[in-house]
Amino acid sequence: MNQALESLLDLLDLERIEQDIFRGLSRSAVVPRVFGGQVAAQALVAAGRTVPGERTAHSLHAYFLRPGDPGAPIVYTVDRIRDGRSFTTRRVVAVQHGQPIFHLSASFQTYEEGLDHQTAMPDAPDPETLPTAAEMLPRYADRFLEPGVVDRLIEARAAVDLRYVDAPPFGTVGTPREPRSQVWFRTNGKLADAPLLHVCLATYVSDMTLLDSVLLAHGRGGWAVGDVVGASLDHAMWFHRPFRADEWLLYDQESPSSSGGRGLGQARIYTQDGQLAVTVIQEGVIRVPR
């Protein structure tokens with residue numbers, strides 16, 4: 001396990017400061033606010049720590065309310081909405097400087113047998129044949145507004161090995177493409193067997209690239225290129241089958257629509273052997289600077 005992954009795991013290991021109240025820290029992101037995937041993952045950690053261990057997360061629904069301050073701790077308050085015979089529901093509010101910045105509802109379920117089918121995994125190349133972030137990002141250094149962006153992006157992805165199947169949005173600026181993107185990802189090191197940890201790490205990564213497909217449809221390169229500004233608005237995930245975040249996962253993403261200054265991304269996450277593990281939907285603000 002590399003130091004960056006150890007640092008990320010420490011970030012997700014929240015401090016319990018009172019019954020159902022937790023405190024988390026932040027780390028510098030590539031943008032001057034708390035990374036949304038971090039807040040979502042920490043909120044899910046807080047919810048999961050109030051749920052019996054035999055119940056695993058099966059869905060979350062969240063809203064990003066205000067930009068987070070990376071220099072201040074975040075307090076997560078958990079509301080125990082329901083404890084049923086099969087399902088447990090939790091609501092989490094993340095607060096900074098006396099104001100809510102994030103709201104999450106999550107549901108957990110005791111395992112049971114049931115009907116089983118899934119959408120087939122799309123074709124994708126072997127992740128081991130694709131370039132790493134450290135190999136790929138320097139190729140596009142001339143596209144970014146600031147010379148330090150490449151180093152910041154590489155640092156932000158040091159805990160997770162994330163590999164694009166095709167060129168990222170900043171690699172094809174000015175050329176609209178099909179609004180679809182694929183990346184493979186896994187943590188840069190083995191993880192403990194705790195199911196909640198793997199779910200939380202997938203939640204963390206899910207916010208990194210989901211809106212890429214919106215940018216591709218319009219030939220936009222993203223915030224680092226300076227041709228759009230944006231932020232996540234809401235985020236939903238459904239966890240269908242067990243998976244490990246330290247083994248290769250295919251993140252197959254597309255955008256069915258953008259309008260009104262907003263873009264929608266939807267995606268499926270598959271294990272390398274073809275099991276549909278997670279479905280993700282996110283809407284974000286996507287604005288063209290005037």
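Me: Where is D10 placed?
Reply: D10 sits in helix α1. Please bear in mind that the model is predicted.

Me: Is D10 buried or exposed?
Reply: D10 counts as exposed, at 57% relative accessibility.

Me: Staying with α1, at what angle do the axes of α1 and α5 cross?
Reply: The axes of α1 (residues 3-12) and α5 cross at roughly 105° and come within 12 Å. That makes α1 roughly perpendicular to α5, since angles of 65 to 115 degrees are classed in this way.

Me: Which residues meet there?
Reply: From α1, the residues are L8, L9 and L12; they meet L197, L201 and Y204 of α5. By class, this contact has six nonpolar residues, with no polar and no charged ones. In general, nonpolar side chains tend to be buried together in soluble globular proteins.

Me: What about α2 and α5: how do their axes cross?
Reply: Helix α2 (residues 36-48) and helix α5 (residues 195-209) have axes that cross at roughly 160° and come within 7 Å. That makes α2 roughly antiparallel to α5, the angle being over 145 degrees. The crossing of α2 past α5 is right-handed.

Me: Which residues form that contact?
Reply: On the α2 side they are G36, G37, Q38, A40, A41, L44, V45 and G48. On the α5 side they are L196, V199, C200, T203, Y204 and D207. By class, the contact of α2 with α5 has eight nonpolar, five polar and one charged residues.

Me: How many of the residues of α5 are buried?
Reply: Twelve of its 15 residues are buried, so that α5 is mostly covered. Among the buried residues are H198, V199, C200 and L201, as well as S206, D207, M208 and T209.

Me: You list H198. What is its relative accessible area?
Reply: H198, which is found in helix α5, has a relative accessible area of 2% and is therefore buried.

Me: And what does H198 touch beyond its sequence neighbours?
Reply: Not counting residues up to four places away in sequence, H198 touches L191, A192, D193, F243, R244, A245 and D246.

Me: Let us turn to the core. How many residues does the largest nonpolar core have?
Reply: The largest nonpolar core has 69 residues, and those with the most contacts inside it are Y76, F102 and F144. Helix α2 contributes the largest share of this core, eight residues.

Me: What does F102 touch?
Reply: Leaving out residues up to four places away in sequence, F102 touches V39, A40 and A43, then A62, Y63, F64 and L65, and also V92, V93 and A94. Apart from this core lies another, of seven residues, among them L130, W184, L250 and L276.

Me: A change of topic: which phi values stand out, given that most residues other than glycine have a negative phi?
Reply: D20 has a positive phi of about 65° although it is not a glycine. H97, also not a glycine, has a positive phi of about 50°.

Me: Where do D20 and H97 lie?
Reply: D20 is in the loop between β1 (15-18) and β2 (21-24). H97 is in the loop between β5 (87-96) and β6 (99-110).

Me: Are they buried or exposed?
Reply: D20 counts as buried, at 10% relative accessibility. H97 is exposed, with a relative accessible area of 63%.

Me: What follows α5, and where is L211?
Reply: L211 lies in the loop between α5 and α6 (212-217). L211 is buried, with a relative accessible area of 14%.

Me: Which residues does L211 contact?
Reply: Aside from neighbours within four places in sequence, L211 is in contact with G263, G265, Q282, G284 and I286.

Me: Finally, where is S181 found, and what does it touch?
Reply: S181 is found in strand β8 (residues 180-187) and counts as buried at 7% relative accessibility. Beyond four places in sequence, S181 touches Y164, D212, S213, L216, Y251, D252 and Q253.

Technical notes. Residues are numbered from 1 along each chain as its sequence is written. This is a predicted model: local features need pLDDT of at least 70, side-chain atom pairs count only at pLDDT 80 or more; totals for chains, interfaces and linings use all residues. Side-chain values use heavy atoms; hydrogens and water are left out. Axes are lines fitted to C-alpha atoms, for helices over the stretch in contact, and angles run from 0 to 180 degrees between N-to-C directions. Helices (H or I, at least four residues) and strands (E, at least two) are DSSP runs, numbered from the N terminus. Angles under 35 degrees count as roughly parallel, over 145 as roughly antiparallel, 65 to 115 as roughly perpendicular and the rest as oblique. A crossing is left-handed if the near helix is turned anticlockwise from the far one by less than a right angle, and right-handed if clockwise. Contact means heavy atoms within 4.5 Å. Ala, Val, Leu, Ile, Met, Phe, Trp, Tyr, Cys and Pro count as nonpolar, Asp, Glu, Lys and Arg as charged, and the others, Gly among them, as polar. Buried means under 20% relative accessible area, exposed over 50%, partly exposed in between (1.4 Å probe, protein chains only). A nonpolar core is a set of buried Ala, Val, Leu, Ile, Met, Phe, Trp, Tyr and Cys residues joined through side-chain atoms within 4.5 Å.
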